[in-house]
There are 4 protein chains.
Amino acid sequence: MSFSVAVAGASGYAGGEVLRLLLSHPDVEIGALTGGSNAGERFGSLQPHLVPLADRVLEPTTAETLAGHDVVFLGLPHGQSAEIANALPDDVVVIDCGADFRLTDAAAWEKFYGSAHAGSWPYGLPELADQRERLARATRIAVPGCYPTVSTLSIAPAVAAGVVTPDVVVVAASGTSGAGKAAKPHLLGSEIMGNASAYGVGGTHRHTPEVVQNLSLLSSEQVRVSFTPVLVPMPRGILATVSAPLTGALTADEAHDLYAKAYADEPFVHVLPPGTWPQTKSVTGSNAVHVQATVDEAAGRLVAVGAVDNLAKGTGGAAVQCMNLALGIDEGTGLTTVGLAP
Amino acid sequence: MSFSVAVAGASGYAGGEVLRLLLSHPDVEIGALTGGSNAGERFGSLQPHLVPLADRVLEPTTAETLAGHDVVFLGLPHGQSAEIANALPDDVVVIDCGADFRLTDAAAWEKFYGSAHAGSWPYGLPELADQRERLARATRIAVPGCYPTVSTLSIAPAVAAGVVTPDVVVVAASGTSGAGKAAKPHLLGSEIMGNASAYGVGGTHRHTPEVVQNLSLLSSEQVRVSFTPVLVPMPRGILATVSAPLTGALTADEAHDLYAKAYADEPFVHVLPPGTWPQTKSVTGSNAVHVQATVDEAAGRLVAVGAVDNLAKGTGGAAVQCMNLALGIDEGTGLTTVGLAP
Amino acid sequence: MSFSVAVAGASGYAGGEVLRLLLSHPDVEIGALTGGSNAGERFGSLQPHLVPLADRVLEPTTAETLAGHDVVFLGLPHGQSAEIANALPDDVVVIDCGADFRLTDAAAWEKFYGSAHAGSWPYGLPELADQRERLARATRIAVPGCYPTVSTLSIAPAVAAGVVTPDVVVVAASGTSGAGKAAKPHLLGSEIMGNASAYGVGGTHRHTPEVVQNLSLLSSEQVRVSFTPVLVPMPRGILATVSAPLTGALTADEAHDLYAKAYADEPFVHVLPPGTWPQTKSVTGSNAVHVQATVDEAAGRLVAVGAVDNLAKGTGGAAVQCMNLALGIDEGTGLTTVGLAP
Amino acid sequence: MSFSVAVAGASGYAGGEVLRLLLSHPDVEIGALTGGSNAGERFGSLQPHLVPLADRVLEPTTAETLAGHDVVFLGLPHGQSAEIANALPDDVVVIDCGADFRLTDAAAWEKFYGSAHAGSWPYGLPELADQRERLARATRIAVPGCYPTVSTLSIAPAVAAGVVTPDVVVVAASGTSGAGKAAKPHLLGSEIMGNASAYGVGGTHRHTPEVVQNLSLLSSEQVRVSFTPVLVPMPRGILATVSAPLTGALTADEAHDLYAKAYADEPFVHVLPPGTWPQTKSVTGSNAVHVQATVDEAAGRLVAVGAVDNLAKGTGGAAVQCMNLALGIDEGTGLTTVGLAP
């Protein structure tokens, strides 16, 4: 059984990561690779780490070049997915790595993205509420943002169990690949190395409403999220520190047990043993999210930490996981919980 | 006018930074350099960046080798400062870069450090409450911890003005030099690069009670601090994200104005213009702290960010600033607000 | 068909990389994991990226714990392999990631390693001369050093073809994992980041005679190698610049063609298209070596550059490749030419 | 005594470094700061580490804005310096950080830069041959390239003494700031971190003829230089490995002595003690070049290593050093041999 797969935006970081994973997926055949301004270039000069595809040539991103595949991954700039998706037949599995179809609330979309809402698709976080069922055999899937994936999974068990009020503070240290491959001076290596910087502070980052939306599935109370992203000098990885006020007495052991039980059956969420804390390097290149939680009695808060590879489980790995669900094959095919370290 | 200065623990990061700054200080003469197990070694092989001292030899840290100086800096492991300090005459200015004399609360000391409390000295953060007056002409000074310096200064104006409840959440991304020069496997470059990791989560880090102590000087309410340090791959710098619930309506402009006024006369606290956020690289090697604050209305919080060089203003620069105050010379002598970038 | 495999030194970098690769190898079952001082520890706390092995416990490295496997990998400190290997039956495949059995010349061994020569085993670089034949069905294999692998492959075609005199200059920039996981102050992240440093200069590095040995298989002239390793701030990867004087007229195109032909049938040596140059990131985690060569007419030299992941094809990947040859299964099983980037 | 100084290209890395140093220079007053496309912007948003200049506004780079200063530094793209310089009075000290006036050989210029030769100015490497005399009271000075500075100083004593043939191989690992602040995809942090890459291989890099020119001042033989630059993941610093064939017997001790004597009176060239090797971090932010040399008997070569901060002594520091010579003040004013580490 082999499915043909096309990747739009193959020269970007999301597209490249999808392809890195597909190259070791036993059930797919890689079809068209498309791009924008660099269409026509040899793929080896764009993604030199994907050696088996080096002699391919990037085609332009159009409905025509993408036609005739079982699955199409979209790694396009915001706002460009709808047109392409609408031009593809309904039975083609379209998996959007961008933001266009993530939010259900049109008002939130318009406030944070400043454009008309294109609608919403099944949300590609199988570990959240009943999303796995919604993703099985779906033909349109919105891959979650990288920050929302790790932020949500880090606090979800506590919110769902009601041991915290959903008044959540997230500070997430992120590598730079989340900002994409477009060249901007503040993302130059010279600026990034040796530097930690905050951006999108004060609730303005576009991933904020996505975390609110996710946690609202788990709580009947009004969810509030204070989200601060911090850029740190590494290419990949997000380490999210997520805390919320306790609603009552809870021990650190109880917090850990709560998490261990919540994720006992999840193949890609790894709750660390008590006393050990996540680090991004353990999940580099892997589809795993590592989480840990404890209680700060003096501060009256549950504090959880999660680590994810923003490009793998944070984008490309989630996309492949969703593809597997959509195609009805084993959810973990072509994915691993083994990271690349050191 | 020239003061003779000795540095105990000269081969460590704190001692090395004090010396880096003293080498451009116009009013001091560098006397004894002392160390522990590496006493007897050529200094150039221990701190090769301090070229003018390369041919010095490290002496053992004893009351004798440190005797006869106007000022003695201590960069010693926890618990070793008291004995040395007691052996030095009362009129020698002793500046401890370690933690031994920072906390006034013996119970907090014992809880977090697990040893008997040695007492407390004037706290070397001139920008906090009335500390500057207490430091003038002092002969015993405890240099603040690096995390407490930036955490305190980032939220102090808001706490002092009562616009937030002192229920503070701090997540601070730190470079690795704060962990010192002792070789431990998890601090190897191979482990650190490409990696962000949390440690001391859940209120267990020793700098937590120090932040509580500082903010308690500014508020009559009970202060609570949830503090999470995150290790990120850079040698120097801390970026602290500090937030707290608003007590009432406040605009982002008002938050900024509050900070601008609070620090208007502080030579080493630089409030950035509205809309720009701190980055650690701007303060590398400098004695400046960069801060910015805004309001997240939806989350009901004031969010502030501060950047400091953990070794400079976070340790060695603060130590020199305190020395200047103790000696009655201009507070900024030998210090700069200019960072090394890129 | 499934072979049982043990790894001695499983908590180190070489052992960890062998295991990372074995975890996706279809034909092996991972047996004993052994170590030295950390025997008895939970494996998840030692190699947290190898999630499927997290609940294993490290056993002590003895002939007993290693007995009963089809294959034993040794990732031990220099000088410890012989005793273990001698205690294992002759028909067990023993693959030594250390240096003990790499050099055929006892005098060279004693000069560079300062101890008695243990002998030599088939040398695990299938791409060199007739090594592939010697490795097929071998039961004792010495995995090459990381520097020699990339240095040799970068200049081998030119030496073999006689277009250069074998008077070779190698300067190789290396990531830090090659130095191992033992904690030493100069390998701390604080020291490594932002720093490039030379070591083992002047022909004193232990990998020098190994490069000489390799190139001597390809030339009847006396081989001389000036080798300088440079430590640069990255966890993995070696970029070797290798040059030698031309023996006659040669164009850049001819140099490229020579390399393209020499490696046309090698699955893991990737000669880049003319005008593009290797970078280590393209081979991170992969078993590929990327090479390119050109001619500097004014200087009268052929200049080649090679990139390798020192832990993958430079150690653990080569080890697995050799295992495949020894077991008579497809040489590339469980290995990839796809790198992890960015 | 205070000289007024203008900086053209103040928003770039070279201009920023000149300003960082001028801010602690006792004899200058900083006048006009000019730029290209970002003229009109607040300087604090362009160079946030230069706090004392934060409220300045960048002016356009024209002869008018630069008029009326005693000294003008030019940090402009190649080819733009001549026009500005010609418009400034002859008695204004003009110091060009760019390449336009470095090469004396018009043919070499045209070959490597592909444009008409603008002429040559006194070459700002006081440590080379008789350049110091030529720089005293000069009013036009070409600051050397960063690679040529460290490459030249690393091998100059050996070439001048005739102990090597001037058939030199240079491989230099460089931080990224040498590539400037213009945003290009391959210089993004995501691409740079974890990556070492070669470029300008085969004698094509523009700094090659500059090294040839410098060494030709020291030898009557024909100089040949094989130069390979390697980009490594750090913002600043170059570590050059430079070797050449010995002309006769020479011991390592003799090589070291030769270097120690050659640089005994140079304030900014620091020959390390025997057995210790340069690292870039020791010279970060400093005007020092650290060098060491030894002999590889088996390879028949002298091998030297030099470290420089490409932006400091490699550009901005050299520019200030030259300004001091031109103005007739102490050569080391405002400069330091103390580096910023860790």
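Predicted model: local features only at pLDDT ≥ 70, side-chain atom pairs only at ≥ 80, totals over all residues.
Between domain 1 of chain A and domain 2 of chain A, about 2,300 Å² of area is buried, and carbon and sulfur atoms give 53% of that figure. Buried area here is the accessible area, with a 1.4 Å probe, that two parts lose on being put together, summed over both. Tyr13(A), Phe112(A) and Lys313(A) supply 29% of what domain 1 of chain A buries against domain 2 of chain A, more than any other three residues.

Residues are numbered from 1 along each chain as its sequence is written, chains are lettered from A and ligands numbered from 1 in the order in which they are written, and side-chain values use heavy atoms, with hydrogens and water left out.

To return to chain A, its domain assignment gives domain 1 as 3-142 + 313-327 and domain 2 as 147-310; such bounds come from an automatic or database domain assignment. The two centres, taken over C-alpha atoms, are separated by 24 Å. Domain 1 of chain A brings 29 residues to the contact and domain 2 of chain A brings 32 residues, where contact means heavy atoms within 4.5 Å. Three salt bridges are counted between these domains, each being a side-chain nitrogen of Lys or Arg within 4 Å of a carboxyl oxygen of Asp or Glu. Elsewhere in my notes on chain A, Glu17(A) forms a salt bridge with Arg236(A), with the closest N and O atoms 2.6 Å apart.

Next, the core. Which residues touch the most other members of the largest nonpolar core? They are Ile155(B), Leu215(B), Tyr259(B) and Leu302(B), out of 40 residues. A nonpolar core is a set of buried Ala, Val, Leu, Ile, Met, Phe, Trp, Tyr and Cys residues joined through side-chain atoms within 4.5 Å, and buried means under 20% relative accessible area (1.4 Å probe, protein chains only), against over 50% for exposed and in between for partly exposed. Helix 7 (residues 146-161) of chain B gives the largest share, eight residues. Helices (H or I, at least four residues) and strands (E, at least two) are DSSP runs, numbered from the N terminus. Because domain 1 and domain 2 of chain B both give residues to this core, it lies between them. Leaving aside residues up to four places away in sequence, Ile155(B) touches Val168(B), Leu215(B), Val242(B), Tyr259(B) and Leu302(B).

I turn now to the chains. Superposition is by least squares on the C-alpha atoms of residues with pLDDT of at least 70 in both copies. Chain C can likewise be laid on chain B by a turn of 180 degrees and a shift of 0.0 Å, with an RMSD of 0.0 Å. Gly189(C) comes closest to the rotation axis among the residues of chain C, at 1.7 Å for its C-alpha. Leu188(C), Ser190(C) and Met193(C) supply 41% of the area that chain C buries against chain B, more than any other three residues. Zero salt bridges are counted between chain C and chain B.
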